[in-house]
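Here are some short notes on helix packing and on a pocket. Please read them with the model open.

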Amino acid sequence: MTVGLWRSALVLGLLSLVGPFAIDMYLPAMPEIVVDLAVDETAIQATITAYFIGFGLAQMLYGPWSDQAGRKLPIYVGLVVFIVGAVGAALAGTAVELTGWRFLQGLGGAALMVLPRAIIRDLHTGPTATKLMALIMLVISISPMLAPLAGSVVVPVFGWRAIFFILCGGALLSLLLAGTSLPETLARSDRVPFNFRALFLGMRTLILDRQFLALTFVGAFGMASFFVFIASAAFVYRDQYGLGPTEFALAFAVNAIGFFAACQLAGPLAERFGLTVVIRLGAAFFAASASILLVLLLTTETHLFVLIGFLLCANAGFGLALPTTMVMALDEHGAIAGLASSFGGALQMLTGGLMIVATGPFFDGTAIPMVAVIAICACASFVLTLVVRSRL
């Protein structure tokens, strides 16, 4: 099936916005939720961890299911589950209830991470797939730029619960978009019947594929660094630098610009220099920027603009590597693209969620613990690129 690159990017990108908006729009409200529910910051950070863990676990279902049933039905089901979770979160009376409903939201939102990647693999491979992945990320880029700003406007006027009703409305629109504008990209003749033997053999293939695991964890540690930033940034910018919700939203948006601008360079650079070169270059820049920032924080009184500038550079390096790792990881597994997308995505999300849990006790409201974890993740990503086989 031939589908225009830009049309595919627009439709898949808009569907993929649901998950990021569920995270980014929520961030400015976190300090208010702490006060409203009378809990500490760690309890509200746990709501983000729950979302990521649900997001990661559910990916193991949607991929194999989509290889059997096609790509559209799992998208519909994921959106419905997401909507139920959003309504529940809006009505939650305690932090425990909110954490549970956010977990359910993650279970639903996972479909919109797995399925677009599998659809890309159905349509394209190599540099063309990298271009499409980058175009989707260009559409998604409005989330970290606009979602926190939207949250900072909504919360003072309508309260934090309104955010979840807005997310519910966005998911309903996405459901309509999926039904009217998204073609089925997996032909019936290419579908794989689901059975435990096939699942076991597919998982065995992926686990024994050193290239697949290396590429997956390059992205996993990069995603983990971003998750730690998401869970910590609102409190760091408020407690250490005194920013309000709107100022935080603007700072967060600036940090995201580097990531999405670099994503757009990934496709052209991959065509010219090869996929592996782009991954290593991006990971090296990611590691260098994060490490230098950590040294500055440990040795000097670092200004807010220095923090934002180096985080922008670090995110740019990660943005250069991420879409390329996604494409390369799936390139050799077209027959089980859904399972490969699910397994890779699950590993990435679980790594991020567990990193938040592991580093939570060290969080003290300053930038040092946050940046230290980002630097560790960035260096781990770079080391893993060294075992990736060269690929033009």
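1. Start with helix 12 and helix 17. These two run roughly antiparallel to each other, because angles over 145 degrees count as such. This is a predicted model. The helices span residues 210–239 and 367–385, and their axes cross at roughly 170 degrees, coming within 8 Å.

2. Which residues make this contact? From helix 12 they include Phe-217, Phe-221 and Phe-229, along with Gly-222. Val-218, Val-228 and Val-236 also take part on the helix 12 side. Helix 17 contributes, among others, Met-370, Ile-374, Cys-377 and Leu-384. Ser-225 and Ser-232 of helix 12 and Ser-381 and Thr-385 of helix 17 belong to the contact too. By class, the contact of helix 12 with helix 17 holds 16 nonpolar residues, five polar ones and no charged ones.

3. Next, helix 14 (residues 275–299) and helix 15 (residues 304–331). Their axes lie 8 Å apart, and the packing angle is about 155 degrees. This pair is therefore roughly antiparallel as well. Helix 14 passes helix 15 in a left-handed crossing. Their contact comprises 23 nonpolar residues, six polar and one charged.

4. Now the largest pocket. How much space lies in it? The volume is about 270 Å³. Its lining has 14 residues. Nearest the centre of the pocket are Leu-14, Leu-17, Val-18, Gly-170 and Ser-174.

5. Which helix gives the largest share of that lining? Helix 10 does, with seven residues. Helix 2 (18–24) and helix 10 (161–181) each supply at least two. For anyone checking the pocket by eye, the residues nearest its centre, Gly-170 and Ser-174 among them, are a place to begin.

Note on methods
Residues numbered from 1 in each chain as written. Predicted model: local features only at pLDDT ≥ 70, side-chain atom pairs only at ≥ 80, totals over all residues. Heavy atoms only, no water. Axes fitted to C-alpha atoms, helices over the stretch in contact; angles between N-to-C directions. Helix = DSSP H or I, 4+ residues; strand = E, 2+ residues; numbered from the N terminus. Parallel < 35°, antiparallel > 145°, perpendicular 65-115°, else oblique. Left-handed = near helix turned anticlockwise from the far one by under 90°. Nonpolar A, V, L, I, M, F, W, Y, C, P; charged D, E, K, R; others polar. Contact = heavy atoms within 4.5 Å. 1 Å grid on protein atoms, 1.4 Å probe; cavity = no way out; pocket = protein on both sides within 12 Å on 5 of 7 lines; lining within 4 Å. Points joined across faces, edges and corners; volume = space filled by probe spheres on them.
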